[in-house]
Amino acid sequence: MAMAAAKIRAVLADGGIQAMSLEEMEQSDDFIRSFNIHNASTRAFLEAFDANRSTGHYSSDDCLSWELQRLAAIAEKMEAQQSAWEKECVEIQERRETRFAKDKKLIQAEEAMLCKMEDELTALEQALEKASLARHAAAVSATRPPPPPIPAGFAGAGQEKAMAALPAGQPQEPGLQNPEIALRDSGSEEVDVRSHSSDNPWEGHLE
């Protein structure tokens, strides 16, 4: 755009016309003063051109030189506005990238904290579960009554029950059989085994 403005002003200078600056054109022309690259239109420029030419106060050469002045001013203003717009875009992009990097670090820190909290919560849940199981076991042990003691006179009865639990028809070892039960089953007379000092309590008493 600057190159276009410089070329137009060079043509004006070659024709003996002094080129006007952008500030001078903004003071003299409403269209140049309100021109903005964001809302500029070709239709508005042509309408302003027709309005200047239809006044009849200026010759065709004067109108042509004035429009060239306007074109040079518009080209310079567009170049300045475009540079400012591009600079603003770069600054916006840099601010976004900076904010993005900052947010990314913040998110990573938050994720690390959440992972740590999750591990701590898992450990607490496991500890609570173990404590609950321990309390339950202690409560069961406290409410369970102790087994009653076995009377001394029931020891023999326990042995007879153990012998009765053997399968029917299975021979019993002599050492496990009660002498009194063996005598009663064989039909022999009862003898007082305590009155004999022999190693064999049955010797001489069984026919």
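Predicted model: local features only at pLDDT ≥ 70, side-chain atom pairs only at ≥ 80, totals over all residues.

Author: Let's begin with R70, which counts as buried because its relative accessibility is 0%, and buried means under 20%. R70 has a charged partner: its side chain meets that of D29 in a salt bridge, 3.2 Å from N to O. The two come from distant parts of the chain, with R70 in helix α5 and D29 in the loop between α2 and α3, 41 residues apart. D29 is buried as well, at 7% relative accessibility.

At 10% relative accessibility, K77 is buried. K77 forms a salt bridge with E26, where the closest N and O atoms are 3.2 Å apart. E26 belongs to helix α2 and K77 to helix α5, so this pair ties together parts that are 51 residues apart in sequence. E26 itself is partly exposed, with a relative accessible area of 23%. A polar atom of the K77 side chain also lies 3.4 Å from the backbone oxygen of F35.

What about the greasy side of things? L22, one of the residues in contact with K77, is part of the largest nonpolar core, a set of nine residues that also includes F35, A73 and I74. Helices α2, α3, α4 and α5 each give two or more residues to this core. L22 is in contact with A73 and I32, among others.

Technical notes. Residues numbered from 1 in each chain as written. Heavy atoms only, no water. Buried < 20%, exposed > 50% of the residue type's maximum accessible area, 1.4 Å probe, protein only. Polar contact = N/O pair within 3.5 Å; in protein donor to acceptor, adjacent residues only side chain to side chain. Contact = heavy atoms within 4.5 Å. Core = buried A, V, L, I, M, F, W, Y, C linked by side-chain atoms within 4.5 Å. Helix = DSSP H or I, 4+ residues; strand = E, 2+ residues; numbered from the N terminus. Salt bridge = Lys/Arg side-chain N within 4 Å of Asp/Glu carboxyl O. Lists of a residue's contacts leave out its neighbours within four places in sequence.
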